[in-house]
Amino acid sequence: MSSALRIRRGLFDRLLATDPNAPEGLIQTCSVEQLRDTVARDLERLLNARSALLSAQADLSSVGPQARSSVMCFGVPDFAGRVMASSEDQRFIAVSLAKAIEAHEPRLKQVAVEFSQDDAPGRALQFTIRATLVVRPARESVSFDAVLMPSLSRYQVTQARFASAGHRV
């Protein structure tokens, strides 16, 4: 996607803007690359938030679809009881992460989470989030490399990139 394309900054970024010299009423914009990096930052915040509702209730069938996408469920469940080396638990975590991202990050669609194969137990779990970044009028395939540090129950998004240069969806 051309970096000449300018996109209106998100509400959160506009509210936090601290440039006292900016003219009032100026529409704040960013490049697609800046938007991608902002999404990476917001993804990290989402992944590091814990939802009490999600933690207390593994089965969300009794929670309606609107409640699932509300701030009541913002974040991901705590996976402390899961075995990170187990492929079954990794699949559960991947599905849970993808659902949380799709519910709470409207700029990303078609989210998939893939874990890297690492045979060292107890170490950080590396994974990649692949999705379509919806930027009107275009869409871009993006990926975010991330790490789950089980000992800290903390996620870190380490790199954001376009999946393939110039690829438009």
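# Reading strands, rings and core in a predicted model

Biologist: Which strands form a hairpin, and how many residues lie between them?

Modeller: S4 and S5 form a hairpin with two residues between them. Strands here are DSSP runs of E with at least two residues, helices are runs of H or I with at least four, and both are numbered from the N terminus. This is a predicted model, in which local features need pLDDT of at least 70 and side-chain atom pairs count only at pLDDT 80 or more, while totals for chains, interfaces and linings use all residues. Residues are numbered from 1 along each chain as its sequence is written, and side-chain values use heavy atoms, with hydrogens and water left out.

Biologist: How should I read the pairing of S4 with S5 and with S3?

Modeller: Two strands pair if DSSP finds at least two bridges between them. S4 and strand S5 (residues 138-149) run antiparallel and are joined by 11 bridges, with Thr132 standing opposite Ser141 in S5. S3 also pairs with S4 in the antiparallel sense, over six bridges, and there Leu108 stands opposite Leu133 in S4.

Biologist: Is S4 enclosed or open, and how many of its residues are buried?

Modeller: A residue is buried under 20% relative accessible area, exposed over 50% and partly exposed in between, using a 1.4 Å probe and protein chains only. Nine of the 11 residues of S4 are buried, so S4 is largely enclosed by the rest of the structure.

Biologist: How many aromatic pairs are there, and what is the geometry of Phe79 with Phe92?

Modeller: Rings of Phe, Tyr and Trp (its six-membered ring) pair if their centres lie within 6.5 Å; planes under 30 degrees apart count as stacked, over 60 as edge-to-face and the rest as tilted. The structure holds three such pairs. One of them, Phe79 with Phe92, is edge-to-face, at 6.2 Å centre to centre and 90° between the planes. Phe79 lies in the loop between helix H4 (65-68) and helix H5 (87-104), and Phe92 lies in helix H5, so the pair ties together parts that are 13 residues apart in sequence. Phe79 is buried, with a relative accessible area of 4%, whereas Phe92 counts as partly exposed at 32%.

Modeller: Phe115 and Phe127 form a tilted pair, with 5.3 Å centre to centre and 50° between the planes. Because Phe115 lies in strand S3 (residues 108-115) and Phe127 in strand S4 (residues 125-135), this pair ties together parts that are 12 residues apart in sequence. Both Phe115 and Phe127 are buried, and ring pairs link Phe115, Phe127 and Tyr155 into a cluster.

Biologist: Which residues have the most contacts inside the largest nonpolar core?

Modeller: A nonpolar core is a set of buried Ala, Val, Leu, Ile, Met, Phe, Trp, Tyr and Cys residues joined through side-chain atoms within 4.5 Å. The largest has 35 residues, and those with the most contacts inside it are Leu97, Leu108, Phe127, Ile129 and Phe144. H2, H5, S3, S4, S5 and strand S6 (154-162) each supply at least two residues of this core, and H2 gives the most, with seven residues.
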